Amino acid sequence: MIQVNAMGDACPIPVVKTKKAISAMKTSDILVTLVDNEIAVQNLTKLGKSMGYPVTSEKLGEKEYKVQMEVTIETEDSKEEKEEVLTCIPDSRNNTVVVISSPRMGEGNDELGTVLMKGFLYALTQLDELPKTILFYNGGATLTCEGSASLEDLKSLEAQGVEILTCGTCLNYYEMSDKLRVGEVTNMYTIAEKMTGAGKLVKP
């Protein structure tokens with residue numbers, strides 16, 4: 001068993017430490033990461049699932065959690081075989097990433113900005129070519145939560161295959177971690193990865 005101590009580390013450090021530990025593994029093994037908050041547990045659970053590893057988590061005490069992954073290290077033959085299969089499944093959409101950092105669009109009148117943002121998100125549902133991912137952070141995180149006027153439009157986009165990701169640190173800051181109603185919680189490492197890897201980045 002391999003253990004990663006990420007107690008006291010802020011997002012995205014627990015994810016970064018865990019990814020580095022996985023990269024350094026030469027053989028299949030159990031990887032345990034210790035963290036001190038539920039957002040980190042959610043982020044690590046998502047990381048494990050995205051990599052195809054069975055993941056479990058356990059609360060050990062007050063502000064102490066354990067996330068366990070069963071990491072399988074592939075052989076070179078299996079990697080080549082998987083790459084050959086993947087190259088036969090091209091992405092039908094351009095890698096467009098939309099980033100939303102505010103519940104309002106543009107600067108000036110806040111009421112108008114709120115109307116414009118609602119209209120923008122609706123307009124996305126009507127495009128012939130949808131974005132691949134929409135990232136919500138800072139004030140934009142409220143748009144994926146209970147009470148948002150854009151929930152139905154976002155659920156429609158998600159149903160059509162658009163990835164909806166909301167910053168977990170932001171949800172925690174605004175005390176809305178239990179009010180997320182569409183998409184999934186993410187971390188700053190993934191946000192940076194999605195933004196830097198985008199074919200086109202759109203910020204309304």
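Student: OK, a strand here is a DSSP run of E at least two residues long, with numbering from the N terminus. Which strand is Lys200 found in?

Tutor: Lys200 belongs to strand E9. Keep in mind that this is a predicted model.

Student: What does Lys200 touch, leaving out residues up to four places away in sequence?

Tutor: Asn95, Thr96 and Val97.

Student: How many bridges join E5 to E9?

Tutor: Three, and the two strands run parallel. E5 covers residues 96-100. As an example of who faces whom, Val98 stands opposite Val202 in E9.

Student: And what's the strand order in the sheet those two sit in?

Tutor: E8-E7-E6-E5-E9, an open sheet of five strands with parallel pairing. E8 and E9 (200-202) each have a single partner strand, so one side of each is left without a neighbour in the sheet. The twist from one strand to the next averages 30°.

Student: Let's go to E7. Mostly covered or mostly open?

Tutor: Mostly covered: E7 spans residues 163-167, and four of its five residues are buried.

Student: How does E7 pair with E6, parallel or antiparallel?

Tutor: Parallel, over four bridges, with E6 being residues 133-136. Ile134 stands opposite Ile164 of E7 there. To get from E6 to E7 the chain passes through helix H5 (residues 151-159), in a right-handed β-α-β crossover.

Student: What about the pairing of E7 with E8?

Tutor: Those strands run parallel and are joined by three bridges, E8 being residues 184-186. Cys167 has Thr186 in E8 as its bridge partner. E7, helix H6 (residues 168-173) and E8 also make a β-α-β unit, and that unit is right-handed.

Student: Switching topic: what's the order in the four-stranded sheet?

Tutor: E1-E2-E4-E3, an open sheet with mixed pairing. Strand E1 (2-5) and strand E3 (55-61) are the edges, each pairing on one side only. Ignoring direction, neighbouring strands in this sheet are turned by 20° against each other on average.

Student: How do E2 and E4 pair in there?

Tutor: They're antiparallel, with seven bridges between E2 (residues 29-35) and E4 (residues 64-71). Among the partners, Val35 is bridged to Tyr65 in E4.

Student: Which strands does H1 touch?

Tutor: H1 packs on the sheet against E1, E2 and E4, and its direction makes about 160° with that of E2. H2, for its part, lies across E2, E3 and E4 and runs at about 5° to E4.

Student: At what angle do H1 and H2 cross?

Tutor: Roughly 35°, with their axes coming within 9 Å. H1 is residues 13-24 and H2 is residues 38-50. The crossing is right-handed.

Student: Which residues make that contact?

Tutor: From H1 it's Pro14, Val15, Thr18 and Lys19, and from H2 it's Ala40, Asn43, Leu44 and Leu47.

Student: How do they divide into nonpolar, polar and charged?

Tutor: Five nonpolar, two polar and one charged. Lys counts as charged, so Lys19 is the charged one.

Note on methods. Residues are numbered from 1 along each chain as its sequence is written. This is a predicted model: local features need pLDDT of at least 70, side-chain atom pairs count only at pLDDT 80 or more; totals for chains, interfaces and linings use all residues. Side-chain values use heavy atoms; hydrogens and water are left out. Buried means under 20% relative accessible area, exposed over 50%, partly exposed in between (1.4 Å probe, protein chains only). Two strands pair if DSSP finds at least two bridges between them. A crossover is right-handed if, with the strands pointing away from the viewer, the path from the first strand over the helix to the second runs clockwise. Axes are lines fitted to C-alpha atoms, for helices over the stretch in contact, and angles run from 0 to 180 degrees between N-to-C directions. A crossing is left-handed if the near helix is turned anticlockwise from the far one by less than a right angle, and right-handed if clockwise. Contact means heavy atoms within 4.5 Å.
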